[in-house]
Amino acid sequence: MPIFSIELREIRLPLIHFFETSFGRTTERRIVLVRVTDQDGVEGWGECTAGEGPFYSDEWVESAWSTLEEFLAPMVVGRDVAAKDVFGLMKPVRGHRMAKAAIETACWDLESGRAGVPLWKYLGGVNGEISCGVSIGIQNTPEILLEKIEKELSSGYQRIKIKIKPGWDRNIVKQVREHFPDVLLTGDANSAYTLADVPLFQELDQFNLMMLEQPLSHEDIFDHAELQRQISTPICLDESIHSSEDARHAVDLGSCRIINVKLGRVGGHAEAKRVEQVCRERSIPIWCGGMLESGIGRAHNIAMSTLAGFTLPGDVSASGRYWKEDIIEPSVTVTPHGTIIPPERPGLGFEINVARIESLTVRQEVIRAKASSLSRA
Ligand code: OSB
Ligand code: MG
């Protein structure tokens, strides 16, 4: 599949409601989109999940844009390469996995679309219906949080994840548990704590959380193993897992019993499939995380979530929870029992609303192959 051009666009998309984690509050997304085109003009779309600042990870919109423009796009454009090998082509660049994933996932959309197969089946997905949970940010008051949980449960979502941070933790978890004794409940700390907080987590054990997500440092797997030995709630790693090697190390070290897989964080579909395999072989359940994606990233998440190892409800939910109007059609919707049915159309399986993307675009750049330079990778 020769890649003829790679287009970068930055769009701005205001969230319906701010989203707050232990590392900060987001009100409007800045999203880098990638459109790859082959010689016949067939397109594939990908989304970069880097945030507005280097707070979730060290990548952010500006680092992704300049790395894509100066290094990654030139490594891929003009090459005749299969989607599964695109990540390898970008190997000379260390890190920058969210930027890499934007190109890599776009190539999977293009390749599966050309093959006339839905992306999820092309990836090897097996589940024609995926389970959905929601991630609910830190709110201005506990009452607002309880109302939001009530609303999401009545929409059918199967699992509630609440964000925690010092000062918004044991009391909040206690109140939520008292109001919703049977709900599948998770707490996500986004690396806000240290091993000095072991007593807090031992207290949280009584609330029967399904898991505790990323309590300690974003790069750590050693201290998480120590914490896991001292608490009964399963630890789920998010930030610390960048590759299938990281997943193997963390699981074999006992740092977690569950893993949250994010396409951007691991560098795209090929690496996500390797993480899925490592975890499936070790009977470690996994689920698909979210990064407040627009419809394009969301559609890629849906496709990935159909792989056999994704056995727990993910953070992939309806477009309408985030955006007044999405950039794909139809927008992502959830069934009354909290599931998403992956589309049967080829590729991503949603219509890309290019006119809307145009109207949201604040900058654009196209990297083209020289006619003479199309070569086999
Ligand atoms: O830790 O899972 C996280 C959003 C931004 C950065 C990190 C995280 C999140 C979420 C939101 O939890 C999930 C979503 O609804 O997209
Ligand atoms: Mg998380």
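Mentor: The model is predicted: local features need pLDDT of at least 70 and side-chain atom pairs pLDDT 80 or more, whereas totals for chains, interfaces and linings use all residues; side-chain values use heavy atoms, without hydrogens and water. Residues are numbered from 1 along each chain as its sequence is written, and chains are lettered from A and ligands numbered from 1 in the order in which they are written.

Trainee: Which residue of strand β12 is the bridge partner of N260?

Mentor: Two strands pair if DSSP finds at least two bridges between them. Strand β12 (residues 286-288) and β11 meet this with three bridges, in the parallel sense. Within β12, N260 is bridged to W287.

Trainee: What is the handedness of the crossover from β10 to β11?

Mentor: Strand β10 (residues 235-237) runs parallel to β11, joined by two bridges, and L237 has I259 as its bridge partner. Between these strands the chain passes through helix α9 (residues 244-253). With the strands pointing away from the viewer, a path from the first strand over the helix to the second that runs clockwise is called right-handed. This β-α-β crossover is right-handed.

Trainee: How is helix α3 oriented to α11?

Mentor: Axes are lines fitted to C-alpha atoms, for helices over the stretch in contact (heavy atoms within 4.5 Å), and angles run from 0 to 180 degrees between N-to-C directions. Helices α3 (residues 97-115) and α11 (residues 269-281) pack at about 100°, with axes 8 Å apart. Angles under 35 degrees count as roughly parallel, over 145 as roughly antiparallel, 65 to 115 as roughly perpendicular and the rest as oblique. Therefore α3 lies, relative to α11, roughly perpendicular.

Trainee: Which strands are the edge strands of the open sheet of four strands?

Mentor: The order in this sheet is β3-β2-β1-β16, with antiparallel pairing. Seven bridges join β1 (residues 3-21) to β16. Pairing on one side only marks the edge strands, β3 (43-48) and β16 (361-368).
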